[in-house]
Amino acid sequence: MSDLVLKDVRKSYGDAKVIHGVDLEIRDGEFVVFVGPSGCGKSTLLRMIAGLESITGGDVVIGGEQVNDIAPADRGIAMVFQSYALYPHKDVYGNMAFALRHAGEDKAVIDERVKKAADILGLDALLKRKPKELSGGQRQRVAIGRAIVRDPEIFLFDEPLSNLDAALRVQMRVEILRLHQRLKTTMIYVTHDQVEAMTLADRIVVLRDGRIEQVGTPLELYHHPKNHFVAGFIGSPKMNFLACDRVGDGTQVTAHGSAPITVLVKPRDAAGPFTLGVRPEHVDLVEPGQGQLDGTILVAERLGGETFLHVDLGDSEPFVVKADGNVRYVSGDPVGLSFPSDALHLFDANGDAFEHVERHALIA
Amino acid sequence: MTDMTSDSRARSSRAKGLSTKFAVHAVLAGYTLIAIFPVILVVLNSFKNRRGIFTDPLGIPAGETFSMEGYATVLTEGDFLTYFSNSLIVTVSSLFLILLLGAMAAHALAEYRFRLNTFIGIYLILGIMVPIRLGTVAILELMVDLNLVNTLLALILVYTASGLPVAVFILTEFMRTLSRDIKDCARVDGLSEYRIFFEVVVPLIRPVLATVAVFSMIPIWNDLWFPLILASGDATKTVTLGVQQFIGQYTVNWSAVLASLSIAILPVLGLYALFSRQLIAGITSGAVKG
């Protein structure tokens, strides 16, 4: 069993508090992604789990054992770093065998495990190469291989794909996913890239300023963000936010003097000003005057399969609509926007979301 | 038309490149000549007899001017083999200590966060600004108290102390540029801090160690001051001190002096060749996208 439990974990450097009490349980075999803007403490948290940063307060428990003061090597973890961190003076085989050699493992066992890891990652032909003779993707594969060889209880990935180019990143993302399906080991993955987070994770942990904002499955975060920050962070292009007023029984709002827009949330007492959240993909384009709001097209970004329309509603930021690739709008066209009420989000003055009446169909 | 102009432009730039190349090499060759001329003169004249040296200092040793008398004197009179091994022992030991202690101190300063880190860093580096010879009297008194006068250990200690500041300075700066991840990775792999230093950090800084070794080595080998003061006994004489016996108050046995100097060049040359291999390896490994 290798459940990982964080209990009120804190970290500060002198007076500067970096992690403010994080509570989290990660189940055996789970793929958990820490995501957040840079400086949110996600890497620090990972390094604390690894044992590379001391823990100022709270407990890190792996498999039922408190590991606060246990050395990284004895925690049953393996880590993959953003900069690959390969030993430049050792060849691929030497890099992968290094930890085992140090642990005094039997030569035959080392050989078998290195060969097996090389086989999984397709590195068989490269075992005699030095890191500098490898491409970025191959280097990252060696770094992952080095982790596999140690047969850890928990894999830790610290932004492993950030140094790769876009195409390679997609490819390696799939490889990591397949690796997880194959090894079924707990993996904790840190990234600032929300696409990586959405595609890889069983559960995503969204962090901001050293605090957990929300933990949930990717779709849970997408459909039911707990607050303004998570709503804006998950999804691309990001969610549009409109200042609005509640009218009627509290489930209707008006924004920019629009007709009442119904939001399917459970009404509760909360202080305004309120914010309406609309994802770019949850807006229908209609004739001007037919929808709840009218605007003017500022820019049409055509990606071929889809088009991002930037619509001017009089705010400082344009309202982004994700439309079909074949829409004929050009800059300056008037357009009507219609909002389907089951995909809208409403936030109070604190940024907390109103709970939706119904959970999304894909989330149990 | 465009082809022609681009072609002629290429040709003229190639011609320009050639002339710049020539100029660069001319300057370099000239400098090399100036730098190496005294050495050539020393080696040439070491193969001449006294008359040959004074009648034609620039001449090639041949016929009656050719003589091995200088070498004969050096190898028979005095105990040159001892001087030699003394110099080697002192230089190699001091170098080893400078590199080992310097690298360890630099690693600690660059890697660990602790109180007084900056202070200790400045303290260690301060020695660059204070010439160690200012402390000669105090050092001599200290060595007398420690009963270390006329031992090689005295020299080794003094040279290690004088070489450390620059070594620490250069190595610290370089170690700060080493990737943190690779050391953390070694920690996750279960290496102790000492093994991280010896098995991960030292291989990475080998080119810089070679640089520090090369320019720490020459002043130690060539020093006359401290051997004269701390270890002038016959058993502990170094080469530079040994040569002095041929320089009398009234007569100087030039053949012997030049012969001993020629021989004295060889070991440093050998050590340099050893380190420069590392230097070149370091330079190229950086150039080929590490």
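# Exercises on a predicted two-chain model

Helix 5 (residues 117–125) and helix 7 (residues 152–176) of chain B pack with their axes 8 Å apart, at an angle of about 135°. The model is predicted.

**Exercise 1.** Classify the orientation of helix 5 of chain B relative to helix 7 of chain B, and describe their contact.

*Solution.* 
1. Helix 5 of chain B contributes Gly121(B), Leu124(B) and Ile125(B), which meet Pro165(B), Val168(B), Phe169(B) and Thr172(B) of helix 7 of chain B.
2. Sorted by class, this contact comprises 5 nonpolar and 2 polar residues, with no charged ones.

**Exercise 2.** Compare the end-to-end distance of helix 9 of chain B with that of a straight helix, and locate its bend.

*Solution.* 
1. Helix 9 of chain B spans residues 193–222, a run of 30 residues.
2. At 1.5 Å a residue, a straight helix would reach 44 Å.
3. A bend of about 60° is located at Arg206(B), and Pro207(B) follows within four residues.

**Exercise 3.** State the domain bounds of each chain and the separation of the domain centres.

*Solution.* 
1. In chain A, the assignment gives domain 1 as 4–223 and domain 2 as 239–347; their centres, taken over C-alpha atoms, are separated by 39 Å.
2. In chain B, domain 1 covers 2–46 and domain 2 covers 78–287, with 35 Å between their centres over C-alpha atoms.
3. The contact between the two domains of chain B takes 5 residues from domain 1 and 6 residues from domain 2.
4. On the domain 1 side of that contact, 3 residues are nonpolar, 2 are polar and none is charged.

**Exercise 4.** Characterise the side of chain A that touches chain B.

*Solution.* 
1. The contact draws 19 residues from chain A and 16 residues from chain B.
2. On the chain A side, strand 6 (77–80) and helix 2 (92–102) are the elements giving two or more residues.
3. The residues of this side divide into 14 nonpolar, 4 polar and 1 charged.

How values were computed
Residues numbered from 1 in each chain as written. Chains lettered and ligands numbered in written order. Predicted model: local features only at pLDDT ≥ 70, side-chain atom pairs only at ≥ 80, totals over all residues. Expected span 1.5 Å × (residues − 1). Bend = angle between axes of the 7 residues up to and from the residue. Domains from an automatic or database assignment. Axes fitted to C-alpha atoms, helices over the stretch in contact; angles between N-to-C directions. Parallel < 35°, antiparallel > 145°, perpendicular 65-115°, else oblique. Contact = placed C-beta atoms within 7 Å. Nonpolar A, V, L, I, M, F, W, Y, C, P; charged D, E, K, R; others polar.
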